[in-house]
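This report describes salt bridges, nonpolar cores and domain arrangement. The structure is shown first, and the description follows.

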Amino acid sequence: MTREEIIRQVNAAFVDQFEIAAGQLTEEKKLFDDLGLDSLDIVDLLVALHKTFGIALRNNEEVRKVRTLGEVYDFLEKYAREHPEEIRSVK
Amino acid sequence: MACDSPRVVITGCGVVSALGMTRGELFQRLLAGQSAVRAMPEWELRGATGELLAAPVELPRERLLSLDRKLRRSMAPVAVFAALAAGEAIAESGLAPEELSSGEAGCAIGSTLGSPGAIYETMTLFSQNGLESLPAQQFFKSVSHTAAFNVANVYGMQGVLLAPCSACASGLQAIGVAYDEIRLGRQKVMLAGGADEATPAVAGTFEQLFALAHPRAGQPPETTIRPFDARRCGLACGEGAGIFVLEEREHALHRGAPVLAEIRGYATNASGRQASQSDTEAIERCLRSGLHEAALQPADIHYINAHATGTRQGDAAEAAALRNVFGSQVPVSSLKAQLGHTMGASGAIEMAVVLEMARQGVLLPTANLAAPDEDCAGLDHLRKPRRTSLRYFVKDCFALGGVNAVLVGEVPLPTEA
């Protein structure tokens with residue numbers, strides 16, 4: 001899965017789940033301070049990533065360190081590289 | 001209750017219904033004979049004995065999006081309906097945000113069991129995927145007090161929070177407990193009413209009891225529900241919300257709020273006998289208790305808005321109780337032929353229509369009542385709109401579990417309002 005594909009699907013989840021305009025979704029944006037998410041949204045982000053990519057992240061320590069949208073992309077890109085058999089595209 | 005207990009008035013009223021988003025629109029569409037009951041091909045219910053009907057709310061998307069996302073994410077339809085109806089009620093009452101958040105304003109909103117749709121979704125997600133696919137607020141969308149606490153959060157209310165869950169008596173019980181909170185001096189203002197969702201799971205409960213109506217061959221869905229009629233064959237589920245602003249009368253008068261009605265009496269009881277069948281004796285006791293608290297005689301009542309859902313047993317049991325208490329001289333009608341049975345919302349939505357009947361000076365009839373059944377006879381059944389003044393009214397609700405609730409209201413004369 002390419003980074004472009006990951007960005008497309010993650011952004012689609014942000015637009016759908018958090019009602020954020022696509023134009024606002026740039027890599028440097030902080031999830032809490034810039035995009036207005038809160039801790040409950042982070043739970044829903046994990047649910048959305050599970051739904052989109054088929055990966056279970058509730059017990060993943062690395063994903064908890066993510067602070068920006070770019071870091072979400074980075075995390076998923078690394079995950080896809082290390083666990084190609086787990087991640088999938090469902091859309 | 002002591003005679004010097006505060007009097008309780010209604011200063012605002014909002015509805016979300018299958019026939020309109022204001023009580024004025026709802027009244028006009030009912031008056032025009034429109035029905036929201038339609039076929040539900042999108043519902044699946046294995047084992048159903050016929051075509052499924054319901055009266056769903058078609059909520060405009062802009063109304064849904066008018067609620068902030070972070071508040072909305074804990075809201076299933078039942079809470080959305082309640083929040084939007086509450087907004088209408090607050091606007092009519094003219095209450096300011098600081099009055100709502102003062103701690104002297106509370107919230108009592110009932111529903112059958114919270115959000116049946118969200119509960120079903122929760123259990124499905126649990127059983128299929130475990131926690132990985134469970135949204136953070138799925139629990140909050142599901143719970144029995146979801147409508148009440150979400151409304152409190154939307155409007156910043158910090159007083160008492162109550163959520164009667166007594167099936168189809170929930171909304172009227174919520175208004176009753178709100179009335180008590182004010183009479184006891186605990187609150188100055190209460191947002192009160194009921195909300196509910198129509199879902200296949202709830203319809204299935206009625207189907208299992210052979211209480212769900214199915215259209216006869218060649219008959220349009222909107223003619224299927226026939227409260228009190230000889231050919232009645234059951235109910236159809238409806239949904240929506242009705243919310244009132246209840247207020248201590250002096251508080252309302254002091255701030256110049258509109259007085260739509262006064263609550264004169266309230267009663268609730270149980271049959272103590274049977275879970276699924278309405279009980280004439282218990283309903284009769286409840287009606288008499290409500291009248292006693294209102295210090296009114298049966299002959300004082302100008303109109304009864306009946307529970308009558310269209311079931312064989314329930315309508316007959318209610319008709320017998322009404323006949324025993326009121327005789328044949330008080331006009332009676334049910335709105336469920338057109339709105340379906342909005343269950344936990346029914347007491348509140350239908351009482352909102354009663355307030356509009358009083359404002360318009362027109363009593364609405366029971367639609368589809370072609371020939372009152374023998375076991376529903378002996379009442380002044382309204383079979384077409386009747387122009388008259390309305391001062392004292394009775395609203396009753398009965399629920400699975402043997403629960404009954406009765407509210408007696410007074411609409412002030414124009415010179416008194």
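## Salt bridges and nonpolar cores

In this predicted model, A:D41 and B:R73 form a salt bridge in which the closest N and O atoms are 2.6 Å apart. The pair crosses between chains: A:D41 belongs to helix 2 (residues 39–53) of chain A, and B:R73 to the loop between helix 3 (69–72) and helix 4 (77–93) of chain B. A:D41 is buried, its relative accessible area being 0%, and B:R73 is buried with a relative accessible area of 15%.

Over all chains, a search of the whole structure finds 39 salt bridges. The table lists some of them.

| Salt bridge | N to O distance |
|---|---|
| A:D41 and B:R73 | 2.6 Å |
| B:D180 and B:R183 | 3.0 Å |
| B:E350 and B:K395 | 2.8 Å |

B:D180 and B:R183 stand 3 residues apart in helix 9 (residues 170–183) of chain B, a separation of about one helical turn. B:D180 counts as partly exposed, at 22% relative accessibility, whereas B:R183 counts as buried, at 11%.

The salt bridge between B:E350 and B:K395 joins helix 15 of chain B to strand 15 (residues 392–399) of chain B, and therefore ties together parts that are 45 residues apart in sequence. Both B:E350 and B:K395 are buried. Elsewhere, a network of salt bridges links B:R232, B:R312, B:D315, B:D373 and B:D375.

Chain B is divided into domain 1 (8–254) and domain 2 (265–410). The C-alpha centres of these domains of chain B lie 20 Å apart, and 69 residues of domain 1 are in contact with 64 residues of domain 2.

The largest nonpolar core has 75 residues, of which B:I175, B:F244 and B:L246 touch the most other members. Helix 15 (residues 346–360) of chain B provides the largest share of this core, 9 residues. Because domain 1 and domain 2 of chain B both give residues to this core, it lies between them. Among the residues that B:L246 touches are B:V8, B:I10, B:I175, B:Y179, B:M190 and B:I263. A second, separate core of 34 residues includes B:V57, B:A152, B:M157 and B:A241.

In helix 10 (residues 200–208) of chain B, the buried residues are B:V202, B:A203, B:G204, B:F206 and B:E207. Their cover includes helix 6 and strand 7 (237–238) of chain B.

Methods: Residues are numbered from 1 along each chain as its sequence is written. Chains are lettered from A and ligands numbered from 1 in the order in which they are written. This is a predicted model: local features need pLDDT of at least 70, side-chain atom pairs count only at pLDDT 80 or more; totals for chains, interfaces and linings use all residues. Side-chain values use heavy atoms; hydrogens and water are left out. A nonpolar core is a set of buried Ala, Val, Leu, Ile, Met, Phe, Trp, Tyr and Cys residues joined through side-chain atoms within 4.5 Å. Buried means under 20% relative accessible area, exposed over 50%, partly exposed in between (1.4 Å probe, protein chains only). Helices (H or I, at least four residues) and strands (E, at least two) are DSSP runs, numbered from the N terminus. Domain bounds come from an automatic or database domain assignment. Contact means heavy atoms within 4.5 Å. A salt bridge is a side-chain nitrogen of Lys or Arg within 4 Å of a carboxyl oxygen of Asp or Glu. Lists of a residue's contacts leave out its neighbours within four places in sequence.
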